[in-house]
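Open the structure in your viewer and keep the selection tool at hand. The stops below start at the ligand and then move to a strand.

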Amino acid sequence: MTLISAGAALDFRAVSVLDPLTDEQREIRGLVRRLAAERVAPRAAEIDSSAEFPWDVVELFRENDLFGVLYDEEHGGIGASALLTLVAIEELSKVCATSGLILAAQELGSLGIKLAGSDEQKRRFLPRLASGEWLAAYALTEPESGSDSAAMRSSARREGDVYVLNGGKRFITNAGVASLYVVFAKTDPDAGHAGISAFVVEADTPGLKVGRIEPKMGIKGSTTGEVFFDDCRVPVENRLGGEGEGFRLAMRILDRSRPGIAAQGLGLAQGATDYALEYARSRETMGKPIAEHQLIAGMLADMETRCEAARGLLYKVGQLIDEGVEGGPLTKLSAMAKLYCTDVAMDVTTDAVQILGGYGYISEYPVERMMRDAKITQIYEGTNQIQRLVIAREMLKENRTVLLAGAN
Ligand SMILES: Cc1cc2nc3c(=O)[nH]c(=O)nc-3n(C[C@H](O)[C@H](O)[C@H](O)COP(=O)(O)OP(=O)(O)OC[C@H]3O[C@@H](n4cnc5c(N)ncnc54)[C@H](O)[C@@H]3O)c2cc1C
(Lines give C-alpha, C1' and ligand atoms only; values in the text may rest on other atoms or scores of the structure.)
Protein backbone atom coordinates (compact mmCIF):
# COMPACT_ATOMS: atom_id res chain seq x y z
CA MET A 1 0.00 0.00 0.00
CA THR A 2 1.37 3.41 -0.91
CA LEU A 3 0.05 6.55 0.63
CA ILE A 4 0.46 9.75 -1.30
CA SER A 5 3.00 11.68 0.66
CA ALA A 6 1.97 15.12 1.75
CA GLY A 7 3.14 17.74 -0.72
CA ALA A 8 3.57 15.15 -3.48
CA ALA A 9 3.37 16.78 -6.88
CA LEU A 10 -0.24 16.75 -7.94
CA ASP A 11 -0.81 15.19 -11.30
CA PHE A 12 -3.73 16.87 -13.03
CA ARG A 13 -5.01 14.28 -15.38
CA ALA A 14 -8.55 15.48 -15.49
CA VAL A 15 -9.34 16.30 -19.09
CA SER A 16 -12.48 18.29 -19.64
CA VAL A 17 -14.62 17.78 -22.71
CA LEU A 18 -15.33 21.51 -22.58
CA ASP A 19 -12.66 23.52 -24.26
CA PRO A 20 -13.90 26.65 -26.00
CA LEU A 21 -10.45 28.28 -25.86
CA THR A 22 -8.55 29.47 -28.93
CA ASP A 23 -5.08 28.03 -29.62
CA GLU A 24 -3.46 31.15 -28.13
CA GLN A 25 -5.63 30.93 -25.02
CA ARG A 26 -4.74 27.25 -24.67
CA GLU A 27 -1.08 28.20 -24.72
CA ILE A 28 -1.66 30.70 -21.91
CA ARG A 29 -3.61 28.08 -19.95
CA GLY A 30 -0.62 25.75 -20.42
CA LEU A 31 1.67 28.40 -18.95
CA VAL A 32 -0.68 28.99 -15.98
CA ARG A 33 -0.92 25.22 -15.38
CA ARG A 34 2.84 24.90 -15.39
CA LEU A 35 3.33 27.86 -13.04
CA ALA A 36 0.57 26.53 -10.78
CA ALA A 37 2.09 23.05 -10.59
CA GLU A 38 5.76 24.04 -10.39
CA ARG A 39 5.76 27.33 -8.50
CA VAL A 40 2.46 27.83 -6.68
CA ALA A 41 1.57 24.29 -5.48
CA PRO A 42 4.80 23.94 -3.47
CA ARG A 43 3.95 27.21 -1.65
CA ALA A 44 0.26 26.52 -0.94
CA ALA A 45 0.54 24.81 2.46
CA GLU A 46 3.01 27.42 3.71
CA ILE A 47 0.83 30.32 2.55
CA ASP A 48 -2.00 28.76 4.55
CA SER A 49 0.01 28.09 7.69
CA SER A 50 1.85 31.41 7.76
CA ALA A 51 -1.29 33.41 6.81
CA GLU A 52 1.03 35.92 5.18
CA PHE A 53 0.19 37.68 1.94
CA PRO A 54 2.21 35.88 -0.78
CA TRP A 55 4.10 38.73 -2.45
CA ASP A 56 6.30 36.12 -4.16
CA VAL A 57 3.21 34.83 -6.00
CA VAL A 58 2.35 38.40 -7.03
CA GLU A 59 5.92 38.72 -8.33
CA LEU A 60 5.52 35.45 -10.25
CA PHE A 61 2.34 36.80 -11.85
CA ARG A 62 4.09 40.07 -12.70
CA GLU A 63 7.06 38.29 -14.30
CA ASN A 64 4.76 36.12 -16.42
CA ASP A 65 2.30 38.86 -17.35
CA LEU A 66 -0.60 37.03 -15.72
CA PHE A 67 -2.34 40.24 -14.65
CA GLY A 68 -2.29 41.14 -18.35
CA VAL A 69 -5.13 38.69 -19.11
CA LEU A 70 -7.51 41.12 -17.39
CA TYR A 71 -6.76 44.18 -19.55
CA ASP A 72 -6.89 45.39 -23.13
CA GLU A 73 -3.65 45.93 -25.00
CA GLU A 74 -4.15 49.71 -25.10
CA HIS A 75 -4.04 49.71 -21.28
CA GLY A 76 -0.98 47.49 -20.99
CA GLY A 77 -2.67 44.09 -20.95
CA ILE A 78 -2.47 41.21 -23.39
CA GLY A 79 -6.13 41.57 -24.46
CA ALA A 80 -8.85 41.17 -21.87
CA SER A 81 -10.75 37.90 -21.98
CA ALA A 82 -13.26 36.97 -19.29
CA LEU A 83 -13.13 33.31 -20.32
CA LEU A 84 -9.34 33.16 -20.08
CA THR A 85 -9.43 35.01 -16.76
CA LEU A 86 -11.81 32.37 -15.37
CA VAL A 87 -9.65 29.55 -16.70
CA ALA A 88 -6.55 31.12 -15.10
CA ILE A 89 -8.30 31.53 -11.73
CA GLU A 90 -9.54 27.92 -11.95
CA GLU A 91 -6.07 26.56 -12.72
CA LEU A 92 -4.44 28.49 -9.87
CA SER A 93 -7.20 27.59 -7.41
CA LYS A 94 -6.71 23.88 -8.13
CA VAL A 95 -3.52 24.17 -6.11
CA CYS A 96 -3.95 27.35 -4.03
CA ALA A 97 -7.19 29.27 -3.63
CA THR A 98 -5.39 32.26 -2.10
CA SER A 99 -3.32 32.57 -5.28
CA GLY A 100 -6.39 32.23 -7.50
CA LEU A 101 -7.99 34.99 -5.47
CA ILE A 102 -5.13 37.37 -6.27
CA LEU A 103 -6.30 37.42 -9.89
CA ALA A 104 -10.01 37.44 -8.97
CA ALA A 105 -9.55 40.37 -6.56
CA GLN A 106 -7.51 42.31 -9.12
CA GLU A 107 -10.39 41.92 -11.57
CA LEU A 108 -12.95 42.90 -8.89
CA GLY A 109 -10.99 46.04 -8.02
CA SER A 110 -10.41 46.97 -11.70
CA LEU A 111 -13.89 46.42 -13.11
CA GLY A 112 -15.25 49.77 -11.87
CA ILE A 113 -12.57 51.59 -13.86
CA LYS A 114 -12.97 49.32 -16.88
CA LEU A 115 -16.76 49.73 -16.94
CA ALA A 116 -17.27 53.35 -15.87
CA GLY A 117 -13.87 55.03 -16.04
CA SER A 118 -13.25 57.90 -18.43
CA ASP A 119 -10.45 57.51 -20.99
CA GLU A 120 -8.29 59.65 -18.73
CA GLN A 121 -9.03 57.49 -15.67
CA LYS A 122 -8.30 54.32 -17.64
CA ARG A 123 -4.99 55.77 -18.86
CA ARG A 124 -4.12 56.88 -15.34
CA PHE A 125 -4.87 53.66 -13.47
CA LEU A 126 -5.13 50.59 -15.69
CA PRO A 127 -1.53 50.22 -16.93
CA ARG A 128 -0.21 49.97 -13.35
CA LEU A 129 -2.85 47.35 -12.58
CA ALA A 130 -2.12 45.48 -15.81
CA SER A 131 1.56 45.15 -14.96
CA GLY A 132 0.73 44.12 -11.41
CA GLU A 133 2.74 47.06 -10.02
CA TRP A 134 -0.49 48.03 -8.23
CA LEU A 135 -3.05 45.73 -6.64
CA ALA A 136 -6.67 46.83 -6.46
CA ALA A 137 -9.51 46.42 -3.98
CA TYR A 138 -13.29 46.80 -4.06
CA ALA A 139 -14.73 48.44 -0.96
CA LEU A 140 -18.51 48.04 -0.70
CA THR A 141 -19.22 46.15 2.54
CA GLU A 142 -19.61 47.92 5.89
CA PRO A 143 -20.25 46.59 9.41
CA GLU A 144 -24.01 47.18 9.03
CA SER A 145 -24.30 46.55 5.33
CA GLY A 146 -23.25 43.32 3.65
CA SER A 147 -26.10 41.70 1.74
CA ASP A 148 -28.01 44.96 2.10
CA SER A 149 -25.34 47.12 0.54
CA ALA A 150 -27.66 50.10 0.01
CA ALA A 151 -27.76 50.48 3.82
CA MET A 152 -24.17 51.73 3.79
CA ARG A 153 -23.33 54.78 5.88
CA SER A 154 -20.04 55.99 4.42
CA SER A 155 -20.48 59.46 3.01
CA ALA A 156 -18.83 61.58 0.33
CA ARG A 157 -19.51 65.30 0.71
CA ARG A 158 -18.62 67.54 -2.20
CA GLU A 159 -16.46 70.56 -1.38
CA GLY A 160 -15.40 72.36 -4.54
CA ASP A 161 -12.99 70.15 -6.48
CA VAL A 162 -12.92 67.35 -3.92
CA TYR A 163 -15.18 64.88 -2.18
CA VAL A 164 -14.59 64.44 1.54
CA LEU A 165 -15.04 60.77 2.45
CA ASN A 166 -15.95 59.63 5.95
CA GLY A 167 -16.88 56.19 7.23
CA GLY A 168 -15.54 52.69 7.35
CA LYS A 169 -15.53 49.55 5.23
CA ARG A 170 -15.18 46.01 6.54
CA PHE A 171 -13.99 42.67 5.14
CA ILE A 172 -12.12 44.25 2.24
CA THR A 173 -9.97 41.83 0.28
CA ASN A 174 -6.46 43.21 -0.34
CA ALA A 175 -6.81 45.73 2.53
CA GLY A 176 -3.31 46.92 3.30
CA VAL A 177 -1.76 45.49 0.12
CA ALA A 178 -3.82 47.36 -2.48
CA SER A 179 -2.53 50.61 -3.97
CA LEU A 180 -6.01 51.56 -5.13
CA TYR A 181 -9.48 51.14 -3.63
CA VAL A 182 -12.74 51.49 -5.54
CA VAL A 183 -14.93 52.88 -2.79
CA PHE A 184 -18.70 53.25 -2.65
CA ALA A 185 -20.14 56.05 -0.49
CA LYS A 186 -23.28 58.09 -0.22
CA THR A 187 -23.27 61.47 -1.92
CA ASP A 188 -26.97 61.80 -1.03
CA PRO A 189 -27.76 59.98 2.24
CA ASP A 190 -31.54 60.34 1.73
CA ALA A 191 -31.70 58.87 -1.75
CA GLY A 192 -31.21 55.15 -0.97
CA HIS A 193 -29.58 53.25 -3.87
CA ALA A 194 -29.68 56.36 -6.00
CA GLY A 195 -27.56 58.28 -3.47
CA ILE A 196 -24.48 56.05 -3.85
CA SER A 197 -21.43 57.10 -5.88
CA ALA A 198 -18.14 55.36 -6.67
CA PHE A 199 -14.61 56.72 -6.29
CA VAL A 200 -11.07 55.61 -6.98
CA VAL A 201 -9.09 56.26 -3.80
CA GLU A 202 -5.35 55.78 -3.89
CA ALA A 203 -4.01 54.02 -0.81
CA ASP A 204 -1.68 56.86 0.15
CA THR A 205 -4.47 59.48 0.18
CA PRO A 206 -4.34 61.27 3.57
CA GLY A 207 -7.29 60.17 5.72
CA LEU A 208 -7.38 56.59 4.40
CA LYS A 209 -6.35 54.15 7.10
CA VAL A 210 -6.28 50.37 7.12
CA GLY A 211 -7.60 48.89 10.37
CA ARG A 212 -7.74 45.33 11.64
CA ILE A 213 -6.76 42.50 9.32
CA GLU A 214 -9.07 39.61 10.21
CA PRO A 215 -7.80 36.15 11.14
CA LYS A 216 -9.97 33.64 9.31
CA MET A 217 -10.90 30.04 8.48
CA GLY A 218 -9.45 29.80 4.97
CA ILE A 219 -7.83 31.73 2.10
CA LYS A 220 -5.49 32.72 4.87
CA GLY A 221 -2.83 34.35 2.72
CA SER A 222 -5.36 36.87 1.40
CA THR A 223 -5.79 39.98 3.52
CA THR A 224 -9.35 40.80 4.65
CA GLY A 225 -9.57 44.01 6.61
CA GLU A 226 -11.11 47.28 7.64
CA VAL A 227 -10.55 50.46 5.67
CA PHE A 228 -11.41 53.79 7.29
CA PHE A 229 -11.93 57.22 5.78
CA ASP A 230 -11.42 60.17 8.06
CA ASP A 231 -11.96 63.43 6.16
CA CYS A 232 -10.28 61.72 3.23
CA ARG A 233 -10.17 64.23 0.36
CA VAL A 234 -10.58 62.63 -3.05
CA PRO A 235 -10.36 64.72 -6.24
CA VAL A 236 -13.59 65.05 -8.22
CA GLU A 237 -11.78 63.57 -11.23
CA ASN A 238 -11.55 60.27 -9.29
CA ARG A 239 -15.34 59.79 -9.29
CA LEU A 240 -16.36 56.84 -11.48
CA GLY A 241 -19.42 57.74 -13.56
CA GLY A 242 -21.94 60.30 -12.40
CA GLU A 243 -23.13 61.10 -8.89
CA GLY A 244 -25.70 58.52 -7.83
CA GLU A 245 -24.56 55.90 -10.35
CA GLY A 246 -22.49 53.94 -7.84
CA PHE A 247 -25.01 51.29 -6.84
CA ARG A 248 -25.77 50.31 -10.42
CA LEU A 249 -22.03 50.18 -11.09
CA ALA A 250 -21.46 48.00 -8.01
CA MET A 251 -24.04 45.52 -9.34
CA ARG A 252 -22.62 45.57 -12.89
CA ILE A 253 -19.21 44.84 -11.40
CA LEU A 254 -20.60 41.88 -9.41
CA ASP A 255 -22.22 40.43 -12.55
CA ARG A 256 -18.72 40.18 -14.00
CA SER A 257 -16.74 39.37 -10.88
CA ARG A 258 -18.94 36.63 -9.37
CA PRO A 259 -17.84 34.21 -12.09
CA GLY A 260 -14.29 34.73 -10.78
CA ILE A 261 -15.38 33.36 -7.41
CA ALA A 262 -17.17 30.56 -9.24
CA ALA A 263 -13.85 29.79 -10.95
CA GLN A 264 -12.10 29.76 -7.59
CA GLY A 265 -14.73 27.29 -6.35
CA LEU A 266 -14.43 25.10 -9.43
CA GLY A 267 -10.64 25.04 -9.14
CA LEU A 268 -10.92 23.93 -5.52
CA ALA A 269 -13.45 21.24 -6.43
CA GLN A 270 -11.40 19.88 -9.33
CA GLY A 271 -8.15 20.02 -7.36
CA ALA A 272 -9.77 18.10 -4.50
CA THR A 273 -11.30 15.55 -6.92
CA ASP A 274 -7.94 14.95 -8.59
CA TYR A 275 -6.23 14.50 -5.25
CA ALA A 276 -8.93 12.17 -3.89
CA LEU A 277 -8.81 10.07 -7.09
CA GLU A 278 -5.07 9.61 -6.80
CA TYR A 279 -5.39 8.74 -3.14
CA ALA A 280 -8.22 6.27 -3.76
CA ARG A 281 -6.12 4.48 -6.35
CA SER A 282 -3.32 3.78 -3.91
CA ARG A 283 -5.00 3.43 -0.52
CA GLU A 284 -6.04 -0.19 0.04
CA THR A 285 -8.57 -1.62 2.47
CA MET A 286 -10.02 -5.10 2.56
CA GLY A 287 -7.63 -6.31 -0.08
CA LYS A 288 -8.17 -3.70 -2.80
CA PRO A 289 -7.76 -0.02 -3.58
CA ILE A 290 -10.57 1.99 -2.03
CA ALA A 291 -11.38 3.33 -5.53
CA GLU A 292 -12.68 -0.15 -6.31
CA HIS A 293 -15.15 -0.11 -3.43
CA GLN A 294 -18.37 0.94 -5.08
CA LEU A 295 -19.35 3.54 -2.49
CA ILE A 296 -16.05 5.38 -3.04
CA ALA A 297 -16.24 4.93 -6.82
CA GLY A 298 -19.71 6.45 -6.77
CA MET A 299 -18.49 9.46 -4.79
CA LEU A 300 -15.63 10.01 -7.24
CA ALA A 301 -18.02 9.78 -10.18
CA ASP A 302 -20.39 12.31 -8.62
CA MET A 303 -17.52 14.69 -7.81
CA GLU A 304 -16.18 14.57 -11.37
CA THR A 305 -19.65 14.96 -12.88
CA ARG A 306 -20.45 17.97 -10.74
CA CYS A 307 -17.13 19.63 -11.63
CA GLU A 308 -17.81 19.13 -15.31
CA ALA A 309 -21.36 20.51 -15.04
CA ALA A 310 -20.03 23.51 -13.08
CA ARG A 311 -17.40 24.08 -15.76
CA GLY A 312 -20.04 24.12 -18.49
CA LEU A 313 -21.99 26.84 -16.72
CA LEU A 314 -18.90 28.85 -15.84
CA TYR A 315 -17.32 28.85 -19.30
CA LYS A 316 -20.67 29.81 -20.80
CA VAL A 317 -20.73 32.92 -18.61
CA GLY A 318 -17.16 33.74 -19.64
CA GLN A 319 -18.18 33.47 -23.29
CA LEU A 320 -21.24 35.69 -22.71
CA ILE A 321 -19.14 38.41 -21.07
CA ASP A 322 -16.65 38.27 -23.95
CA GLU A 323 -19.57 38.58 -26.40
CA GLY A 324 -20.66 41.76 -24.59
CA VAL A 325 -23.92 40.38 -23.15
CA GLU A 326 -25.28 42.74 -20.49
CA GLY A 327 -28.25 43.04 -18.15
CA GLY A 328 -30.69 40.36 -17.00
CA PRO A 329 -29.35 37.36 -18.93
CA LEU A 330 -25.84 38.02 -17.63
CA THR A 331 -27.02 38.78 -14.08
CA LYS A 332 -28.92 35.48 -13.95
CA LEU A 333 -26.27 33.23 -15.47
CA SER A 334 -23.49 34.84 -13.46
CA ALA A 335 -25.43 34.26 -10.21
CA MET A 336 -26.16 30.69 -11.30
CA ALA A 337 -22.48 30.01 -11.97
CA LYS A 338 -21.49 31.52 -8.61
CA LEU A 339 -24.16 29.54 -6.79
CA TYR A 340 -23.55 26.23 -8.50
CA CYS A 341 -19.75 26.23 -8.70
CA THR A 342 -19.32 27.27 -5.08
CA ASP A 343 -21.90 24.83 -3.70
CA VAL A 344 -20.06 22.16 -5.71
CA ALA A 345 -16.80 23.39 -4.19
CA MET A 346 -18.09 22.95 -0.64
CA ASP A 347 -19.68 19.54 -1.28
CA VAL A 348 -16.83 18.13 -3.33
CA THR A 349 -14.03 19.25 -1.02
CA THR A 350 -16.01 17.78 1.92
CA ASP A 351 -16.31 14.50 -0.01
CA ALA A 352 -12.59 14.56 -0.75
CA VAL A 353 -11.88 14.81 2.98
CA GLN A 354 -14.22 11.83 3.51
CA ILE A 355 -12.43 9.76 0.87
CA LEU A 356 -9.09 10.32 2.57
CA GLY A 357 -10.60 9.16 5.87
CA GLY A 358 -8.58 10.23 8.91
CA TYR A 359 -5.81 11.53 6.65
CA GLY A 360 -8.30 13.94 5.09
CA TYR A 361 -8.71 15.67 8.43
CA ILE A 362 -4.99 16.16 8.93
CA SER A 363 -3.42 19.44 7.85
CA GLU A 364 -0.55 17.61 6.17
CA TYR A 365 -2.95 16.66 3.36
CA PRO A 366 -4.20 19.45 1.09
CA VAL A 367 -7.90 18.53 1.06
CA GLU A 368 -8.31 19.81 4.61
CA ARG A 369 -7.16 23.27 3.48
CA MET A 370 -9.28 23.04 0.34
CA MET A 371 -12.41 22.36 2.39
CA ARG A 372 -11.71 25.38 4.62
CA ASP A 373 -10.94 27.53 1.57
CA ALA A 374 -14.14 26.43 -0.19
CA LYS A 375 -16.42 27.82 2.52
CA ILE A 376 -15.77 31.47 1.73
CA THR A 377 -16.76 31.01 -1.90
CA GLN A 378 -20.36 30.47 -0.74
CA ILE A 379 -20.25 33.73 1.24
CA TYR A 380 -18.39 36.55 -0.47
CA GLU A 381 -19.46 38.59 -3.49
CA GLY A 382 -23.02 37.93 -2.36
CA THR A 383 -23.91 34.90 -0.25
CA ASN A 384 -25.47 31.97 -2.03
CA GLN A 385 -28.83 32.87 -0.49
CA ILE A 386 -28.52 36.23 -2.26
CA GLN A 387 -27.59 34.46 -5.53
CA ARG A 388 -30.81 32.46 -5.25
CA LEU A 389 -32.79 35.65 -4.74
CA VAL A 390 -31.11 37.22 -7.77
CA ILE A 391 -31.86 34.18 -9.97
CA ALA A 392 -35.49 34.01 -8.82
CA ARG A 393 -35.92 37.75 -9.40
CA GLU A 394 -34.68 37.39 -12.97
CA MET A 395 -36.96 34.36 -13.51
CA LEU A 396 -39.96 36.39 -12.38
CA LYS A 397 -39.15 39.06 -14.97
CA GLU A 398 -39.13 36.53 -17.82
CA ASN A 399 -42.12 36.04 -20.00
CA ARG A 400 -42.19 32.30 -20.51
CA THR A 401 -44.54 30.19 -22.53
CA VAL A 402 -46.01 27.46 -20.36
CA LEU A 403 -46.64 24.43 -22.52
CA LEU A 404 -48.76 22.36 -20.15
CA ALA A 405 -52.37 23.31 -19.57
CA GLY A 406 -53.33 23.29 -15.89
CA ALA A 407 -56.23 23.99 -13.58
CA ASN A 408 -55.68 27.74 -13.64
C1 LIG B 1 -12.96 36.80 3.46
C2 LIG B 1 -13.92 37.84 3.01
C3 LIG B 1 -13.57 38.68 1.96
C4 LIG B 1 -14.46 39.69 1.54
N5 LIG B 1 -14.06 40.56 0.55
C6 LIG B 1 -14.85 41.65 0.29
C7 LIG B 1 -14.39 42.69 -0.58
O8 LIG B 1 -13.29 42.61 -1.15
N9 LIG B 1 -15.17 43.78 -0.76
C10 LIG B 1 -16.38 43.91 -0.16
O11 LIG B 1 -17.03 44.92 -0.36
N12 LIG B 1 -16.86 42.93 0.66
C13 LIG B 1 -16.12 41.82 0.91
N14 LIG B 1 -16.57 40.84 1.77
C15 LIG B 1 -17.90 40.98 2.36
C16 LIG B 1 -18.89 39.94 1.87
O17 LIG B 1 -19.25 40.18 0.53
C18 LIG B 1 -20.09 39.94 2.84
O19 LIG B 1 -19.61 39.42 4.07
C20 LIG B 1 -21.25 39.17 2.32
O21 LIG B 1 -21.82 39.81 1.21
C22 LIG B 1 -22.34 38.96 3.38
O23 LIG B 1 -22.62 40.12 4.09
P24 LIG B 1 -22.65 40.08 5.70
O25 LIG B 1 -21.41 39.41 6.15
O26 LIG B 1 -22.95 41.43 6.19
O27 LIG B 1 -23.86 39.09 6.03
P28 LIG B 1 -25.40 39.52 6.23
O29 LIG B 1 -25.82 40.36 5.09
O30 LIG B 1 -25.57 40.03 7.60
O31 LIG B 1 -26.11 38.10 6.11
C32 LIG B 1 -26.15 37.16 7.20
C33 LIG B 1 -26.89 35.92 6.69
O34 LIG B 1 -28.24 36.27 6.33
C35 LIG B 1 -28.49 35.90 4.99
N36 LIG B 1 -29.34 36.93 4.37
C37 LIG B 1 -29.16 38.27 4.39
N38 LIG B 1 -30.15 38.88 3.73
C39 LIG B 1 -30.97 37.91 3.27
C40 LIG B 1 -32.16 37.88 2.50
N41 LIG B 1 -32.71 39.02 2.03
N42 LIG B 1 -32.73 36.70 2.21
C43 LIG B 1 -32.17 35.54 2.65
N44 LIG B 1 -31.04 35.49 3.38
C45 LIG B 1 -30.46 36.65 3.68
C46 LIG B 1 -27.11 35.86 4.32
O47 LIG B 1 -27.15 35.02 3.19
C48 LIG B 1 -26.28 35.29 5.47
O49 LIG B 1 -26.44 33.89 5.51
C50 LIG B 1 -15.72 39.81 2.17
C51 LIG B 1 -16.06 38.95 3.22
C52 LIG B 1 -15.18 38.00 3.66
C53 LIG B 1 -15.55 37.12 4.82
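For this tour, Ala, Val, Leu, Ile, Met, Phe, Trp, Tyr, Cys and Pro count as nonpolar, Asp, Glu, Lys and Arg as charged, and the others, Gly among them, as polar. With that sorting, the residues of the shell around the ligand are nine nonpolar, eight polar and two charged. Bear in mind that the model is predicted.

Select the ligand and display what surrounds it: 19 residues, the closest being Tyr138, Thr141, Ser147, Phe171 and Thr383.

Next, pick Tyr138, where a polar backbone atom is 2.8 Å from a nitrogen atom of the ligand. At Thr141, it is a polar side-chain atom that lies 2.7 Å from a ligand nitrogen. Then go to Thr383: an N or O atom in its side chain is 2.6 Å from an oxygen atom of the ligand. The ligand taken alone exposes 970 Å², and the protein buries 65% of that. Colour β3 (162–173) and α10 (384–397), the elements that give two or more residues to this shell.

Now select strand β4, residues 180–186. Seven of its seven residues are buried.

Which strands pair with β4? Strand β1 (136–139) pairs with β4 in the parallel sense over four bridges; here, find Ala137 opposite Tyr181. Strand β5 (196–202) pairs with β4 in the antiparallel sense over seven bridges.

Technical notes: Residues numbered from 1 in each chain as written. Predicted model: local features only at pLDDT ≥ 70, side-chain atom pairs only at ≥ 80, totals over all residues. Heavy atoms only, no water. Near = heavy atom within 4 Å. Polar contact = N/O pair within 3.5 Å; in protein donor to acceptor, adjacent residues only side chain to side chain. Areas by Shrake-Rupley, 256 points an atom, 1.4 Å probe, with all protein chains shown as cover. Buried < 20%, exposed > 50% of the residue type's maximum accessible area, 1.4 Å probe, protein only. Pairing = 2+ DSSP bridges.
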